[in-house]
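Please read it alongside the model shown here.

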Amino acid sequence: MSSTFIKPRWSLSAVLWICVLGIMAGFQTWRGAYVDGILFFSLVAMLIIDRLTGGRIVIMKKPIAAPKILTLAITGVLGVVLVLAPRHSWVDLAVFIAIGVTVLLVAWEPAPEREQRPHKALLRSMWMWSMLAVAICLWEATAFVLSVNMPGGNENYPTISVLLDPFVENVWGRLVFVGLWLAAGYGLLRFWRRT
């Protein structure tokens, strides 16, 4: 047995993420959204490989320290293309892939060490966000099932995407939606806190 054998690092959090993403992958495939299904199955595979290698998936040995202006310029151009491209087109898909690659290459950095918050506060936050996410997913899944199986389903049991359709059908609505979506992504990456 090699001394370099890496023991998998399984935790409740990792198992739950794999299960949730696996359910999402199966649901997207079942409803015929095969591109989304492939994306979620890829994430599941990546998480499993990451655990089996002891958390040693490394895209680059050292992240590219791209200036903020460069990251903003790249995502700004991609955002404009996303706003102007036909919805649900191959251009849309290509832009989403390009945004993901941009994040991995020039925007993704390990989270800096921060002051540890009290355990109770972390648990409260985790449960609050988890319950909100589960409620939204259940609403979306239930609405989809009812919309395809009940008479007048789309009108009586609209999914979130159906509710958003009137807003994002015009360029100005898409501009607002894409802008908020990209800003939220920057927030998750703690982009604005970096020096």
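Cys 137 is partly exposed, at a relative accessible area of 41%; buried means under 20% relative accessible area, exposed over 50% and partly exposed in between, with a 1.4 Å probe and protein chains only. The model is predicted, so local features need pLDDT of at least 70 and side-chain atom pairs count only at pLDDT 80 or more, while totals for chains, interfaces and linings use all residues. Residues are numbered from 1 along each chain as its sequence is written, and side-chain values use heavy atoms, with hydrogens and water left out.

**Cysteines**
- Cys 19 also counts as partly exposed, at 42% relative accessibility.
- The structure holds zero disulfides, a disulfide being a pair of cysteine sulfur atoms within 2.5 Å.

**Charged pair**
- The count of salt bridges is one, where a salt bridge is a side-chain nitrogen of Lys or Arg within 4 Å of a carboxyl oxygen of Asp or Glu.
- Arg 31 and Asp 36 form a salt bridge through their side chains, at 3.8 Å from N to O.
- Arg 31 is partly exposed at 36% relative accessible area, and Asp 36 is partly exposed at 31%.

**Helix H2**
- Helices are DSSP runs of H or I with at least four residues, numbered from the N terminus.
- H2 covers residues 34-52, and its 19 residues should span 27 Å at 1.5 Å a residue, which agrees with the 27 Å between its end C-alpha atoms; the expected span is 1.5 Å times one less than the number of residues.
- Gly 37, Phe 40, Val 44, Asp 50 and Arg 51 are the buried residues of H2.
- These buried residues fall within an arc of 155° seen down the axis of H2, so they line one face of the helix; the arc is that of the directions from the helix axis to the C-beta atoms.
- Exposed residues Tyr 34 and Ile 38 sit on the face of H2 turned away from its buried side.
- Helix H1 (12-30) is what the buried residues of H2 pack against, contact being heavy atoms within 4.5 Å.

**Nonpolar cores**
- A nonpolar core is a set of buried Ala, Val, Leu, Ile, Met, Phe, Trp, Tyr and Cys residues joined through side-chain atoms within 4.5 Å.
- The largest has seven residues: Leu 78, Leu 82, Val 83, Val 95, Ile 99, Val 178 and Leu 182.
- At least two residues of this core come from each of helix H3 (68-84), helix H4 (90-107) and helix H8 (171-188), and H3 gives the most, with three.
- A second, separate core of five residues includes Leu 21, Ala 25, Phe 40 and Val 44.
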